[in-house]
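Hello,

Here is the structure I promised to hand over. Please load it first, then read the notes below.

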Amino acid sequence: MTVSRTARNHAQAMKGRITEELGRVTSNRRLQRRGRADRVSGSLKQAVEKARGAFRRNGGNPR
């Protein structure tokens, strides 16, 4: 997992958390949904990168 991808994914997840909370405070459902989507997308990208890293470390040949 590269540092730049990790930072970008963490930043997207954090932005999503902030946006979601801002939507919750202002009772703006659209903002909440957009924040939730960003947060989930960032978290999912992090999980994919971790899985890729695991396969790379193990030689890439699942047997």
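Start with Arg 36: at 38% relative accessibility it counts as partly exposed. The cut-offs are under 20% relative accessible area for buried, over 50% for exposed, and partly exposed in between (1.4 Å probe, protein chains only).

Some housekeeping. This is a predicted model, in which local features need pLDDT of at least 70 and side-chain atom pairs count only at pLDDT 80 or more, while totals for chains, interfaces and linings use all residues. Residues are numbered from 1 along each chain as its sequence is written, and side-chain values use heavy atoms, with hydrogens and water left out.

**Overall**

The protein chain has two helices and zero strands. Helices (H or I, at least four residues) and strands (E, at least two) are DSSP runs, numbered from the N terminus. Of the 63 residues, 24% are buried. The chain exposes about 5000 Å², with 54% of that supplied by carbon and sulfur atoms. Those areas come from the Shrake-Rupley method with a 1.4 Å probe; for residues, only the protein chains shown count as cover. Take the contacts between residues at least 6 apart in sequence: 51% of them join residues at least 24 apart. Contact means heavy atoms within 4.5 Å.

**Salt bridges**

The structure holds seven salt bridges. The criterion is a side-chain nitrogen of Lys or Arg within 4 Å of a carboxyl oxygen of Asp or Glu. Side chains of opposite charge can pair when their charged atoms come close.

Glu 20 is the residue to look at here. Glu 20 is buried, with a relative accessible area of 7%. Its partners include these:

- Arg 24, with the closest N and O atoms 3.2 Å apart. Glu 20 and Arg 24 are four residues apart in helix H1, so about one helical turn separates them. Arg 24 is partly exposed at 44%.
- Arg 36, with the closest N and O atoms 3.4 Å apart. Arg 36 is in helix H2 and Glu 20 in helix H1, so this pair ties together parts 16 residues apart in sequence.
- Arg 39, with the closest N and O atoms 2.9 Å apart. Arg 39 also sits in helix H2, so its pairing with Glu 20 in helix H1 ties together parts 19 residues apart in sequence. Arg 39 is partly exposed at 25%.

Through shared partners, salt bridges join Glu 20, Glu 21, Arg 24, Arg 36 and Arg 39 into one network.

Asn 9 lies in helix H1. Asn 9 is buried at 6% relative accessibility. Setting aside neighbours within four places in sequence, Asn 9 contacts Gly 42, Lys 45, Gln 46 and Glu 49.

Gln 32 belongs to helix H2 and is buried at 17%. Not counting residues up to four places away in sequence, Gln 32 touches Glu 20, Gly 23 and Arg 24.

Ser 27 is in the loop between helix H1 (3-26) and H2. Ser 27 has a positive phi of about 60 degrees, although it is not a glycine. Ser 27 is exposed, at 65% relative accessibility.

Thr 2 falls in the segment before H1. Thr 2 is partly exposed at 38%. Thr 2 and Gly 53 are 51 residues apart in sequence, yet 9.2 Å apart in space, C-alpha to C-alpha.

Regards
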